[in-house]
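Visitor: Please show me the structure, and let us then discuss it in questions and answers.

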Amino acid sequence: MALAGCSSSSGSRTDPAVTPTAASNAGLGDAPASSASSASSAPSASPVASPQVVTEAAFVSPSRNIGCYLSVDGARCDLAKKNWSAGPAPADCELDWGFGVAVGKTGQANFTCAGDTVLGANDILEYGQALRAGDFRCDSGSAGMRCENEASGHGFTVAKERYDFF
């Protein structure tokens, strides 16, 4: 699965003044590290019990509003409906901006600039369940989806009402 690319690294949950940074989402959101950090009050989709280990997985939340793709290279989640904005797209983003977030092997989580989507999978990751592929883990919770690169500690929590990068 190839993901097109550009991204921004704002850690805000509302319309931020985004400072765009180009990225090549070829590795599900590999992007330069950001100096921005966020104060987190996003929904806590806290890690749950032992995750099921996979090499890759495409899945949706029980509400089907969040669709994700997880692999040993990263994690990406897109939203069908959201009540927040990613801010203005970077100049080099000629595709759909800010409908998803991703975290890769390096750098912080970022918004996606993509001409595809990871919504539409048939498998549901039930609330309280988790998957792991390599260093990447996604946990499904009623308050949102939380995905993290456990090696770097970077990741995101995303929900209809808000997002958070850490």
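Guide: A residue counts as buried under 20% relative accessible area, as exposed over 50%, and as partly exposed in between. Please note that this is a predicted model.

Visitor: Is Arg64 buried, exposed or partly exposed?
Guide: Arg64 lies in the loop between β4 (56-60) and β5 (66-71). Its relative accessible area is 43%. Since buried requires under 20% and exposed over 50%, Arg64 is partly exposed.

Visitor: What is phi of Arg64?
Guide: Most residues other than glycine have a negative phi. Arg64 is a residue other than glycine, yet its phi is positive, near 65 degrees.

Visitor: Which geometry do the rings of Phe111 and Tyr163 adopt?
Guide: A pair of aromatic rings is described by the distance of the centres and the angle of the planes. For Phe111 and Tyr163 the centres are 5.0 Å apart and the planes stand at 75 degrees. Planes over 60 degrees apart count as edge-to-face, so this pair is edge-to-face.

Visitor: How many residues apart in sequence are the parts that this pair ties together?
Guide: Phe111 lies in strand β8, whereas Tyr163 lies in strand β13 (residues 163-165). Both Phe111 and Tyr163 are buried. The parts they tie together are separated in sequence by 52 residues.

Visitor: Over which ring does the charged end of Lys82 sit at 4.7 Å from the centre?
Guide: The charged end of Lys82 sits over the ring of Phe99, 5.1 Å from its centre. That charged end also sits over a ring at 4.7 Å from the centre, and this ring belongs to Trp84.

Key:
Residues are numbered from 1 along each chain as its sequence is written. This is a predicted model: local features need pLDDT of at least 70, side-chain atom pairs count only at pLDDT 80 or more; totals for chains, interfaces and linings use all residues. Side-chain values use heavy atoms; hydrogens and water are left out. Helices (H or I, at least four residues) and strands (E, at least two) are DSSP runs, numbered from the N terminus. Buried means under 20% relative accessible area, exposed over 50%, partly exposed in between (1.4 Å probe, protein chains only). Rings of Phe, Tyr and Trp (its six-membered ring) pair if their centres lie within 6.5 Å; planes under 30 degrees apart count as stacked, over 60 as edge-to-face and the rest as tilted. A charge sits over a ring if NZ of Lys or CZ of Arg is within 6 Å of the ring centre and within 35 degrees of the ring normal.
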